[in-house]
Every structure is written in C-alpha cells, then in structure tokens.
Amino acid sequence: MDLLTNFAQTTGFATLSIGNVIMILIGIAFISLAIIKDYEPLLLVPIGFGAVVGNIPTIAGMPVSVYDEGSVLSYVYFGVKEGIFPPLIFLGIGAMTDFSTMLSNPKLVLLGAAAQIGIFATLLGALALGFDAKESGAIGIIGGADGPTAIFLAAKLAPGLLGAIAIAAYSYMALVPVIQPPIMKLLTTRKERLIRMKPPRQVSRRERIIFPIAAFLICALFAPGSIVLIGMLFLGNLLKESTVTERLAQTARTAMIDIVTILLGFSVGASTAAQTFLTGQSIGIFALGALSFAIATASGVLFAKFMNLFLTEKINPLIGAAGVSAVPDSARVVQMVGQKEDPHNFLLMHAMAPNVAGVIGSAVAAGMLWSVLVK
Amino acid sequence: MLHAFLLSQATGLKGIADANGLGIAAVGLLIVFTALTVISLFIALMPKALAVLERVLPELDHHHGTAAAHEQKTADEELVVAAIGFVLHTEVEKASHVVR
C-alpha cells in the first residue's frame, strides 16, 4: 500500500495545480487558433505545445523543466535565455526581405520610425504601473511588434518576464488583423483611404547591395546595442542581394530559420510554467501589450497624415499602420483595409516599405534601451 | 488591483520620474528617428551618387549580374501572379458573400 502511495506521489497528478491546468488549456487554445484559424501557426504551434509540456509538474530531484539545470529543455532554452536564437532568426529574416520598395520611396522609412512611438509610450505605461526601468524597457519593446527583438531584449533586461513578454508579443502579432483596422478607420477619412500612390521605381542591383552595408553602419554607430540584431539582419540581406552567396541565403531563410523557430517557440512555451507565468505582472504585461500595438498603429497613421501636410505627392495614411513591424501581416492589413474602399487600390507593395523600416526601427530602439538600461 | 502588479516600485507619475522615463523615451525616440532619417537621406542620395560612379565604374553584365537580372524577372513574374491570385481571391470572396 505504501508502495502504491509513494508511486502516486511521483506522478504528475499528485502535484498538478489549477494554474498548471489553466496553462495547459491556454497552450491547447494556442494550438487550436493556429490550426483552425491559421493564426501565426509557425509560432503558435510550438509555443502552445511548449506551454503544455512546461506545465506538467515534475518531481523534485529530477531535472526536466527549462528551469532545472542540466535538463534537456534547459539546454534548448539556453538559446533563448542568452539571446542567441533571435539574431539567428534575424539572419533568416534579412535573407528573405526585399528592401527595394523602401529604397524606391525613402520617405516611407520615417513611418517605420513613427510606429516605434508605441515602444516608448508603453515603457512609460510600465513605469507608471510600478515596473522597474529594466522591466519597463523589456515590456515596452512589445510595441515593436517584433518577436525576436522582444525575446532578445527581455533576455538581457528582464529574464524573469521573458515568458510573459514573448507570449504577449506573439499573441498580439497574431491579432494584428483584429487590432489594427478599427484604429486605421478611426484616424483616417474616406478620402484619405482612397489615395493612390505612384508605383515604386525599379531599384538597381548596386543599390540593393550597398544598402545593407551602409544601413548597418548608420544604425550600429547610432545605437551600438543594436549591432547583433541589425548586423545579422543586414548580413542575411547582403547574402541574398549579392547573388554570389545564394546557397547561404537559401539556407538562412529556409532550414536555419525553421530550426531556430521550432527551438525558440517550443522553449519559450515551456518556460511559461504556471508559477512564473500566472501572476499579476503577466496581466499587466498583456494589458500594456495591447496598448503598445494600438499606440504604434495610431502613431504610424498620424505621422503619415502629418507628412501629407508637406508633400505634393500624398501618402495613403493607411500605410503608416504598416510601420508596426509584424512583417508581412500589417502590410497585408493595410492592403485589405485599402481595398475595402477601392478594390483597385493596391497598397501592399507601398506598405512593405514602412513594414521593413519598422523592423530596423524596433531593432535600433532595442539596442538603445539595452545600452541605456543594462547598467 | 494596481498593487497586484508590483509593490516594490513607485507608481504613476512618480514611477516615471524616479526612473527618468520621459528622458529615456525622448532620447530613444530621437535616436530612432535620427538613425532612420539618416538612412532615408542616404537612400535618397544613393541613385545620384551611383550615377556618378556609373561613369567611372560601369556595372558589368557578368554571370552573377545575369543571375540577378533573371532573379529580378522571376521576382516580377511572381509578383504579377500573386497580384492576380489576390484579385481572384477577393472576387470569389465577394461572390460568396452575395450568395450567402
């Protein structure tokens, strides 16, 4: 009988808490959203399953979870915790990004900058809620709508909040088609939404090769903390645009990024154990995350309207929302909202310019916050 | 409810002031805007600078260049196909809404 009782004590059932059950259900919900609704499946499936795995209670003395030294999951999580995986993902992103729409209309880069107001507004909101400076910086970066950047900065500034920040960032990125359209419609008139923009010009190969090198130098000198993320982004882009390293570019944007995405998503999910994730702080982070996306969207749209005061060739202000660097979802949302007004107005290519500029902007912001707050 | 989040730090405007939040936000935005503005200016000037460079060092059409031209053509074709596919999808969606 004692043997049976002792055995029962070693099973997960004995120590499964309500919090664990809630997190397992949340993980299953993520998987369902990904498979049924096709919401960011490449991220939500590994994260959701990781949440299920990470919330199975373990026995004391048996290193199994991401937080147990020497466990397999802890070795996988090492890439997240030490900020290794995000730069590798940026390498892949750079190898699949086409900057030519941005190169053909450089003023749209400023819309990518404007959307980063969401980061700093959220930082202030986090400070007002009582988070300390480092935590607030890590929470603020959710407004950059960039998963790898959010994970990178959280790992450096607030590793204890990494799970909540990553889940919030990826959840809201998946909800971009829900969050952005009402804000875009509220801040623009029908006449503005109908603005058609000139087709982008052809960009030469030399421009596309020189750009990643020059842009890296500019960003790294302004914000040395962004060297890792920006460096890998533009290395990937140079591998693609040079055409002499197509094999490396192909690997970076396919096999490599897929491997890292699986490991990163799964280990981030597994880090959301109920005792660390289900806290009042997480609720605050989720609320701030929603606010950050809303402010970032509004900032981009309003800045586009501001630019139109000085431009003869008007910008469709809807594309300001694409400064939120959820590539390419926010650009697609712009296309969709624009086409509701005018089915023959194709804004997707124009929206890609602030979209990719936003990736650069959020990485620069992360580098700046890391430099200032790490001390 | 507010104190459920964090007890050890000041909240509200005091929390922002204690951490020099406004200063960090202002400097951060300045750096982001400045960096992207410089990038934007660089991109705007690049065609003019390359036009001068083209006279001194013309772009040669070697096999990598041919590959790039072929890639550009393929990329353009893919864009056209994607655009056609998107229009067709939109039209089908509209039709199905009418039917419903």
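The model is predicted, so local features need pLDDT of at least 70 and side-chain atom pairs count only at pLDDT 80 or more, while totals for chains, interfaces and linings use all residues. Residues are numbered from 1 along each chain as its sequence is written, chains are lettered from A in the order in which they are written, and side-chain values use heavy atoms, with hydrogens and water left out.

**Where A meets B**
- Chain A puts 59 residues into the contact and chain B puts in 51; contact here means heavy atoms within 4.5 Å.
- Between them, the two chains bury about 4400 Å², with 77% of it on carbon and sulfur atoms; buried area is the accessible area (1.4 Å probe) that two parts lose on being put together, summed over both.
- Several helices of chain A each supply at least two residues of the side that touches chain B, among them H9 (117-129), H15 (205-222) and H21 (348-373); helices are DSSP runs of H or I, at least four residues, and strands are E runs of at least two, numbered from the N terminus.
- H15(A) gives the largest share of that side, 11 residues.
- By type, that side of chain A splits into 38 nonpolar, 12 polar and nine charged residues.

**Chain B**
- Chain B has three helices and zero strands.
- Buried residues are 20% of its 100 residues; buried means under 20% relative accessible area, exposed over 50%, and partly exposed in between (1.4 Å probe, protein chains only).

**Nonpolar cores**
- The largest core has 125 residues, and Met102(A), Phe211(A), Ile360(A) and Leu369(A) touch the most other members; a core is a set of buried Ala, Val, Leu, Ile, Met, Phe, Trp, Tyr and Cys residues joined through side-chain atoms within 4.5 Å.
- H21(A) brings the largest share of this core, 14 residues.
- Leaving aside neighbours within four places in sequence, Leu369(A) has contacts including Phe120(A), Leu157(A) and Ile24(B).

**Gln180(A)**
- Gln180(A) lies in helix H13 (residues 176-187) of chain A and is buried, with a relative accessible area of 0%.
- Its side chain reaches the backbone oxygen of Ala321(A) at 3.0 Å.
- Beyond neighbours within four places in sequence, Gln180(A) is in contact with Thr297(A), Ala321(A), Val324(A), Ser330(A) and Val333(A).

Note on methods:
Nonpolar A, V, L, I, M, F, W, Y, C, P; charged D, E, K, R; others polar. Polar contact = N/O pair within 3.5 Å; in protein donor to acceptor, adjacent residues only side chain to side chain.
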